[in-house]
Amino acid sequence: AVHLHGSAGYPQLLLNDPLPPPVLFSRGHLGLLEGRRVAVVGTRNATATGREAATRLGADLADSGVHVVSGLARGIDGAVHRGVLAARGAGRPVGVVACGLDVVYPREHHRLWGEVATVGLLLSEHPPGASPLPHRFPQRNRIVAALAELVVVVESRERGGSLVTVGAALDRGVPVMAMP
């Protein structure tokens, strides 16, 4: 589906954002944005311990009925959404991607994207066919932050996308936590 800023169906959460996407493309259940939401972010080059912690956190949040927002990237993002999908609770995955909804990136997440779109929600501000250009990832991270009631960082480098999300969250008054 296509949602224009200010039109019926555009997510209420993003209407008054300082940098709202003018157009939002979605696959899945947009109504999930009305539930409890936690964003979980972290490095693409995650350790095994970090991936396990993210998977467990995703499952625990989903089992508590909390929807989990992430960027569907390699590492922490993919691990947390796998945890959500393995859970039995009412929490669902919400993926915000930096390309068109028909351009799976990274390619190895093809199945994961399909599962997220089927049981959860997949969002992008980029039209079909848009490739994952480097500048689109920080743009995506502001949407991840804007959709969250809380941002949790599982593993991060000193500089990187997860800290862009943290900055965007702090700018929006969204609390930020880190897993030890």
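Reader: Which residue in strand 4 does Arg37 stand opposite?

Author: His67. This is a predicted model, where local features need pLDDT of at least 70, side-chain atom pairs count only at pLDDT 80 or more, and totals for chains, interfaces and linings use all residues. Residues are numbered from 1 along each chain as its sequence is written, and side-chain values use heavy atoms, with hydrogens and water left out.

Reader: What makes strand 3 and strand 4 a pair?

Author: Two strands pair if DSSP finds at least two bridges between them. Strand 3 and strand 4 (residues 67–70) are joined by three bridges and run parallel, so they meet that definition. Strands here are DSSP runs (E, at least two residues), and helices are too (H or I, at least four), numbered from the N terminus.

Reader: And strand 7, what joins strand 3 to it?

Author: Four bridges, again parallel, with Ala39 opposite Val151.

Reader: Why is strand 3 called largely enclosed?

Author: Because five of its five residues are buried. Buried means under 20% relative accessible area, exposed over 50%, partly exposed in between (1.4 Å probe, protein chains only). Arg37, Ala39 and Val41 cover one side, Val38 and Val40 the other.

Reader: What makes something a nonpolar core?

Author: Buried Ala, Val, Leu, Ile, Met, Phe, Trp, Tyr and Cys residues, joined through side-chain atoms within 4.5 Å. The largest one here has 24 residues, and Leu14, Val69 and Leu147 are among those with the most contacts inside it. Helix 5 gives the largest share, four residues. Apart from that core lies another, of 18 residues, including Val40 and Ala53.
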